[in-house]
Amino acid sequence: MLRYIKILSLTLVFLFSSKQLEASHAMALDIYYEYLGSGTYNFFVKFYRDCDGVAAPTSVIIDFGSSSCTNFTTVLPLDSSSEVSQLCPQALLQSTCVSSSSTAYPGPEEYIYSSTVTLTNTQLACNDWIVSYNLCCRNSAITNLTSPSSNDIYCEVSFDPTIQNTSVDYSNIPVLYGCVGKQICFNHGAADADLDSLSYELVNTQGDLGNNMSFTSGLSLSNPVESNNTFTFDIMTGQMCFTP
């Protein structure tokens, strides 16, 4: 089977200076699931929070939407949290996750939520589920989207229980530190437990309830970051490179 991985442009959060972040906290978001057998799945939400923003939720509610089945929701309690700042060891004590100094380095935390979901026979027969989650609000430090802090962060994953599948999971942390004028490359590190072939596609950044957000002037889906048109994206590997 060939699977298309739709990567929200700007699910990645690129930080290019030590400027302190402000206000809202949502940096990145992912939903994935693991098939356990007999109509039972583990669902996970990974949420990346700017430590200079408000606190992360203690639980999340994901929505199961289908045009052929009755929609429902389920609560995922918090499993774990940890700082994931991509800083040198000697700089970790100077991140915003630890320090309140005005010169602290931007610091993110990763929060993982999960719960087991067992579907009814009726729900198992529907192949068009969209599982989604949105949270207020996006990080105000984002510079390539219009009014980011006025929008939720939104993520969704397709879910077809008729094929008893486990979703793709990402192994790399989607928060990068880079230097202006120096090329930077990133790959989500997608892994498929069912060994399906993978292909990748960029899609528009989505805000409240999955509505598309607008890029700031001069940027677009093919050139989503300030890079003097050096942004490249490989649909076969998911590798993206650019020079900020």
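Modeller: A residue is called buried when its relative accessible area is under 20%, exposed when it is over 50%, and partly exposed in between. The model is a predicted one. By that criterion, 51% of the 244 residues of the protein chain count as buried.

Biologist: Why is threonine 40 called buried?

Modeller: The relative accessibility of threonine 40 is 15%. The limit for burial is under 20%, and threonine 40 therefore counts as buried. Threonine 40 lies in strand E4, which covers residues 40–50.

Biologist: Which residues are in contact with threonine 40, leaving aside its neighbours within four places in sequence?

Modeller: They are Glu34, Tyr35, Thr116, Val117 and Thr118. Contact here requires heavy atoms within 4.5 Å.

Biologist: Which peptide bond is cis, and where does cysteine 137 lie?

Modeller: The bond from cysteine 136 to cysteine 137 is cis, with omega near -5°. Cysteine 137 is found in the loop between strand E8 (129–135) and strand E9 (153–159).

Biologist: How do you know that E5 and E6 pair?

Modeller: Pairing requires at least two bridges between two strands. Strand E5 (residues 59–65) and strand E6 (residues 72–83) have six bridges, in the antiparallel sense, and therefore count as paired. Phenylalanine 64 stands opposite phenylalanine 72 in E6, and a hairpin of six residues joins E5 to E6. E6 is also joined by five bridges to strand E7 (residues 108–118), with the two running antiparallel; leucine 78 has tyrosine 113 in E7 as its bridge partner.

Biologist: Why are E12 and E15 said to stand at the edges of their sheet?

Modeller: The open sheet has three strands in the order E12-E16-E15, with antiparallel pairing. Strand E12 (184–186) and strand E15 (232–233) each have a single partner strand, so one side of each is left without a neighbour in the sheet. E15 and strand E16 (residues 240–242) pair over two bridges, and at least two are required. Threonine 232 has cysteine 241 in E16 as its bridge partner.

Biologist: How do you know that the radius of gyration of the protein chain agrees with that of a compact globule?

Modeller: For 244 residues, a compact globule would have a radius of gyration near 18 Å; the protein chain has 18 Å, so the two agree. The C-alpha trace spans about 55 × 35 × 30 Å along its principal axes. The secondary structure of the protein chain comes to one helix and 16 strands.

Biologist: How far apart are the mean positions of the positive and negative charges?

Modeller: The mean positions of the 7 positive and 22 negative charges are 8 Å apart.

Notes. Residues numbered from 1 in each chain as written. Predicted model: local features only at pLDDT ≥ 70, side-chain atom pairs only at ≥ 80, totals over all residues. Heavy atoms only, no water. Helix = DSSP H or I, 4+ residues; strand = E, 2+ residues; numbered from the N terminus. Buried < 20%, exposed > 50% of the residue type's maximum accessible area, 1.4 Å probe, protein only. Rg over C-alpha atoms; globule rule 2.2 N^0.38 Å. Lys, Arg positive; Asp, Glu negative; His and termini not counted. Charge placed at Lys NZ, Arg CZ, Asp CG, Glu CD.
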